[in-house]
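Here is a short tour to read alongside the sequence and the 3D view. Keep both open as you go.

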Amino acid sequence: MYLGLDLSTQQLKGVIIDDNLRMHSETSVSFDKDLPHYKTKKGVFVRGKQVLSPVAMWIEALDLLMERMKDDDLPLDKIRGISGSGQQHGSIYWSSKADSIFESISDSKSLVDQFSPDAFSYELSPNWQDASTQAECDEIEASVDGPEELARITGSKAHHRFTGPQIMRLRKSAPEIYNKTSRISLVSSFLCSLFLGKIAPIDPSDICGGNFWDIKKETFVDKTLDCISGGNAAELRKKLGDVCMDGAAQLGSVSSYFQTKYGFAVDCQVMPFTGDNPATILALPLLERNAMISLGTSTTMLLSTPHYVTSPAYHMFAHPTTEGYHMAMLCYKNGSLAREYIRDSINQSTQQNNSENDDWEPFNNLATKAGPPSRTHPHRKLGFYFPLPEIIPQTEAGTWRFLIDSAGSPKLCDPEKDHEDGKKWNLPTDDARAILDSQFLDIRMRSQAFFNPECHDAVDISKQPSRTYVVGGASKNPAIADVLSQVLGSEEGVFRQLTGSSNACALGGANKAAWAILRKQGQTFEQFFTERWDESQWVEKIRDGYEAGTWEEYGHMLGAVKAAEDMIVSGKV
Ligand code: ADP
Ligand code: XUL
């Protein structure tokens with residue numbers, strides 16, 4: 001058996017799988033519900049533009065998760081390997097007392113009582129939803145000649161949530177905390193540390209979420225470290241510790257605390273933990289030109305590619321398991337939440353249906369009835385709904401609706417008012433199709449380079465995924481799956497994961513642990529997984545993918561998406 005964990009924004013999840021990578025059990029702890037005394041909302045505290053989580057809550061959640069697994073008689077004694085994931089970019093600040101606390105850990109007390117507060121110099125961890133570090137991002141980009149160059153070296157331009165800008169903000173705003181910090185972990189390496197019984201190294205993929213790692217050279221970037229640390233790159237490098245470049249490295253046995261308290265075997269090995277997105281691509285054998293779209297709280301698109309093609313428009317990370325490969329990623333903050341707002345306003349406006357507020361039926365009917373856009377159709381529409389400041393395009397919160405004219409140009413539209421040529425936006429009904437079209441068109445626009453790096457024609461049909469896998473809460477919605485399939489195409493179709501779809505990151509961690517222990521000499525993760533893969537058991541085909549004509553019509557909208565986003569970002573709306 002193999003254990004995979006995921007420390008996400010709202011929950012800590014644990015899955016156990018067997019030698020054939022079949023799901024044995026899924027267990028979770030919800031922070032708001034199960035640990036209400038921390039008073040988080042959706043797992044975080046929001047303080048203006050800052051978003052933070054209490055580290056003690058995560059530690060307490062780990063004992064609670066383990067107790068639940070033990071109470072359910074799960075075979076913890078049969079677990080041979082543990083790996084997992086954490087929300088990306090979050091940082092944990094250890095004090096100089098951390099090492100001795102690890103050494104003296106006792107199973108007669110809880111983890112939280114032993115670690116908190118003394119093991120930390122800061123009791124909070126900045127969360128990926130944080131938007132407070134624009135000044136730091138500007139400085140970091142300037143330190144290497146701008147966003148393109150930073151993306152070329154580190155895989156990403158500077159982002160508010162990235163660990164480098166977050167460390168820099170903390171150093172500037174609370175130097176006493178930064179100075180008292182002896183080590184900095186990412187959420188992934190922090191959770192790994194608790195199992196390992198000492199501070200664990202960061203893995204080759206999650207290290208790429210900080211704006212301080214040179215992906216090609218596999219070293220820290222001195223210029224950005226210098227900028228982040230205020231001139232003491234060597235000291236910050238020490239705080240971050242070594243990076244373990246082997247995703248399958250056996251870091252050591254699970255700590256005696258877990259052996260004695262929960263019955264883990266003495267030789268159960270702990271492997272490096274990675275970010276939740278890199279772990280998600282390990283939930284399936286994701287091959288080149290396959291796309292994975294996660295429709296959870298946020299939306300992400302993930303790809304595995306040998307091409308290192310960088311741009312400030314998206315992210316590249318080193319692959320968590322497979323040398324020579326990279327994980328390309330698009331990450332949107334406003335995924336489900338924005339769709340929920342529209343669903344709610346539709347339900348409120350159609351109370352005669354007696355729709356429950358969380359009923360998706362009216363939203364789905366409207367989205368389906370509107371149908372895909374066409375150049376001969378007078379009402380091509382785009383709508384950008386960002387209840388939270390958005391990552392891509394990087395902008396403040398807001399809502400923008402556009403009507404597209406026959407030449408393909410977007411015109412900002414004031415809803416319910418007649419537009420100059422008689423076109424109209426009906427509120428809230430037109431929002432249903434508009435949000436889905438616009439969300440998926442943005443994914444298509446930004447991901448084109450990966451499917452056919454040589455070709456620049458937006459409507460070349462070779463420029464689509466070979467297949468698309470959808471996971472996450474909204475992937476079970478048929479109307480959403482329809483629009484996704486129509487916009488993005490996919491030669492072989494759109495597939496939904498059958499088991500573990502809402503625990504894809506934890507499952508990916510468990511798969512990584514199994515690969516690390518069971519692989520044959522030189523066997524890649526993909527080879528190992530494909531050997532055990534029985535498609536009909538793992539995924540179901542939910543849509544055919546490429547629809548001739550429709551896909552091309554969506555292609556003719558891409559120019560309008562780019563133009564509309566440029567207007568939003570530049571404020572010229
Ligand atoms: P997380 O990213 O927090 O792990 P999940 O993958 O569980 O979240 O997805 C949760 C989201 O899925 C919710 O915000 C909800 O809006 C969305 N969701 C759940 N069921 C549906 C549905 N039938 N249609 C559309 N969205 C749904
Ligand atoms: C990725 C990102 C989010 C978090 C969610 O860059 O910020 O997807 O990893 O947990």
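## Isoleucine 517 and its helix

Isoleucine 517 is part of helix α18 (residues 504-518); helices here are DSSP runs of H or I with at least four residues, strands are runs of E with at least two, and both are numbered from the N terminus. This is a predicted model, in which local features need pLDDT of at least 70, side-chain atom pairs count only at pLDDT 80 or more, and totals for chains, interfaces and linings use all residues. Residues are numbered from 1 along each chain as its sequence is written, chains are lettered from A and ligands numbered from 1 in the order in which they are written, and side-chain values use heavy atoms, with hydrogens and water left out.

With a relative accessible area of 19%, isoleucine 517 is buried (under 20% is buried, over 50% exposed, and in between partly exposed, with a 1.4 Å probe and protein chains only). Setting aside residues up to four places away in sequence, isoleucine 517 touches Tyr2, Arg80, Gly81, Gln250, Gln269 and Met271, where contact means heavy atoms within 4.5 Å. Isoleucine 517 and aspartate 19 are 498 residues apart in sequence, yet their C-alpha atoms are 9.8 Å apart in space.

Strands β2 (residues 11-17) and β3 (residues 23-30) run antiparallel and are joined by seven bridges; strands pair if DSSP finds at least two bridges between them. Lysine 13 sits opposite serine 28 in β3. Five residues lie between the strands of this hairpin, and leucine 21 takes a positive phi near 65°.

## Threonine 299

Strand β16 (residues 299-305) includes threonine 299. Is threonine 299 buried or exposed? Threonine 299 is buried, at a relative accessible area of 5%. Beyond its neighbours within four places in sequence, its contacts include Leu330, Cys331, Tyr332 and Ile443.

## Around ligand 2

The residues surrounding ligand 2 include Trp128, Arg161, Thr300 and Met329, each with a heavy atom within 4 Å. By class, this shell has three nonpolar, five polar and two charged residues (nonpolar: Ala, Val, Leu, Ile, Met, Phe, Trp, Tyr, Cys and Pro; charged: Asp, Glu, Lys and Arg; polar: the others, Gly among them).

Polar contacts are pairs of N or O atoms within 3.5 Å; within protein, one must be able to donate a hydrogen and the other to accept it, and residues adjacent in sequence count only if both atoms are side-chain atoms. Oxygen atoms of ligand 2 lie 2.4 Å from an N or O atom in the side chain of aspartate 276, 2.6 Å from a polar side-chain atom of histidine 89 and 3.0 Å from one of asparagine 277.
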